[in-house]
Amino acid sequence: MVKSTPLRPVRGGERLAVLLPGMGAVATTAIAGVEAVKRQLAKPIGSLTQLGHLRDEEGRPGARLADALPLASLDDLVFGGWDPIPDDAYQAARRAGVIDARLLEPIRPALEAVRPMPAVFDPAWVRRLDGPNVKRGSLRARAEALRADMAGFLERNRCGRGVVVWTGSTEVYALPGPAHQSLKSFEAALDRDDPTIAPSMVYAWAALKSRLPFLNGAPNLSADVPALRELADREGVPTGGKDFKTGQTLMKTTIAPMLSARLLGLEGWFSTNILGNRDGQVLDDEDAFRTKEVSKLGVLDEILDAGRHPELYGEVEHKVTIHYYPPRGDNKEGWDAIDIFGWLGYPMQIKVNFQCRDSILAAPLVLDLALLTDLAQRAGEKGPLEWLSFFFKSPVTAPGRAAVHDLFAQQTILHRQLARYARGASAAAESAVG
Ligand SMILES: NC(=O)c1ccc[n+]([C@@H]2O[C@H](COP(=O)([O-])OP(=O)(O)OC[C@H]3O[C@@H](n4cnc5c(N)ncnc54)[C@H](O)[C@@H]3O)[C@@H](O)[C@H]2O)c1
């Protein structure tokens, strides 16, 4: 029997701040999408919270999530964010070129009202971009300024709750170092302007200190270091990440479980992409690409258990590349050439050509993650929300716990948690009536 999880009820008129460090293609596609859906100009395709149903342990669909769970309504969301580029959300959406002008014009005033606050930005961490809308001063002063931004935003917009989702660029590759080992060493590093503290970590620190959940849509380390895990635990705040699972990895974590389930062997998996948006430009820097590459490469090892099946998965050649190709804009094209083998070792090939729209796939995840993490916060959860792995390429787990990558295993884990929340919500409703 599924346990229930009680949820703190939402006070009438209380709004939810969705704060986005990085207001580029993904962020503005999410904001514009919510504004369009609110006005019934478009449908929230791809959003679990808006279209999904609960599922039982056997996978049978039940009530609509929106009916079974006390999710924040779209009308109660208030978007804000930071970006070194001062464009408001309308200008940024036009520049990103994901949503066409016909759909943007009716929501233009709502988008123009979303102006990025000055960013904590360092071109050493994102080398292909720069912009004037930045905070100045010591790292500690800029970190404190972010906390003041968060508190001020919530107060100005009458938000009782908030969630921070990193939709900023992918930073250069980094491993946890001495400054990241404890909260004390992290805060001492802030005080001495330590160059190993990445801007995304400063946002994570400011969010957690402000008791706002922090989710990471990029593969950066950000909150995934011992110091910030300690802070999340101390403040009792949920975290999640890393790297939205959208195009090629979504396909990979769908196909690989099929190979594993049917005990088909894998010799090699060659994945390549062409991408022409600003994200592609940033990933053209090989140190930023390394961060992404590590995130993309990790998924096969866990799904295909080479330890148990060395004869099937003992020597897999796995390659991933991304090429910046401006004519393609946000419409990423991914190719997968998959070399498999079957009965008696006979070789076969699978070819996938996914002509996707990167931000169209990522935008609903921003919305779902904000709404579901808000539920988790109201349920008193803290630390990495492993049940949100479904949405991420590199799911963050509690120390010592392996990540689950198989999309269907992730879906089962997610729905088990949603069922707990639904039971908690219905128990609360019954006791209110009784
Ligand atoms: N679109 C997808 O399918 C997808 C999937 C997985 C991950 N991601 C990741 O999501 C992120 C956003 O992607 P995008 O396509 O919107 O990129 P984008 O380049 O359009 O937007 C990123 C924005 O972040 C800003 N930025 C960089 N550093 C910042 C900082 N320190 N503070 C505030 N803003 C900062 C940039 O100026 C830019 O406007 C990227 O890291 C990308 O790798 C995207």
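Which loop holds Lys242?

1. First, some ground rules. This is a predicted model, in which local features need pLDDT of at least 70 and side-chain atom pairs count only at pLDDT 80 or more, while totals for chains, interfaces and linings use all residues. Residues are numbered from 1 along each chain as its sequence is written.

2. Across the boundary, 28 residues of domain 1 are in contact with 26 residues of domain 2, contact meaning that the C-beta atoms of two residues, placed from the backbone, lie within 7 Å. On the domain 1 side that touches domain 2 you will find 13 nonpolar, 8 polar and 7 charged residues. Here Ala, Val, Leu, Ile, Met, Phe, Trp, Tyr, Cys and Pro count as nonpolar, Asp, Glu, Lys and Arg as charged, and the others, Gly among them, as polar.

3. Next, have a look at the ligand. It has 37 residues around it, and Gly22, Gly24, Ala218, Thr246 and Arg278 come nearest; a residue is near a molecule if its C-beta atom, placed from the backbone, lies within 6 Å of it. Helix H1 (25-38), helix H12 (278-283) and helix H16 (358-378) are the elements that give two or more residues to this shell, and H16 gives the most, with 4 residues. Helices (H or I, at least four residues) and strands (E, at least two) are DSSP runs, numbered from the N terminus. The shell around the ligand takes at least three residues from each of domain 1 and domain 2. By class, its residues are 20 nonpolar, 12 polar and 5 charged.

4. The axes of H1 and H16 come within 8 Å and cross at roughly 65°; axes are lines fitted to C-alpha atoms, for helices over the stretch in contact, and angles run from 0 to 180 degrees between N-to-C directions. H1 and H16 are therefore roughly perpendicular to each other, a label for angles of 65 to 115 degrees, with those under 35 called roughly parallel, those over 145 roughly antiparallel and the rest oblique. Ala25, Val26, Thr29, Ala30, Gly33 and Val34 of H1 meet Ser359, Ile360, Ala362, Ala363, Val366 and Leu367 of H16. That contact divides into 9 nonpolar, 3 polar and no charged residues. With helix H4 (residues 89-96), H1 packs at an angle of about 115°, their axes 9 Å apart. Here the contact consists of Ala25, Thr28, Thr29, Ile31 and Ala32 from H1 with Ala89, Ala92, Ala93 and Ala96 from H4, that is, 7 nonpolar, 2 polar and no charged residues.

5. Another helix pair to view is H8 (residues 183-191) with H10 (residues 226-235). Their axes come within 7 Å and cross at roughly 110°, so H8 and H10 are roughly perpendicular to each other. Leu183, Ser185 and Phe186 of H8 meet Ala227, Glu230 and Leu231 of H10, a contact with 4 nonpolar, 1 polar and 1 charged residue.

6. Finally, two backbone details deserve a check. Most residues other than glycine have a negative phi, and most peptide bonds are trans. Ser222 has a positive phi of about 45° although it is not a glycine, and Ser222 sits in the loop between strand E6 (214-216) and H10. Gly241 and Lys242 are joined by a cis peptide bond, with omega about -5°. As for the opening question, Lys242 lies in the loop between strand E7 (238-240) and helix H11 (248-261).

Note on methods: Domain bounds come from an automatic or database domain assignment.
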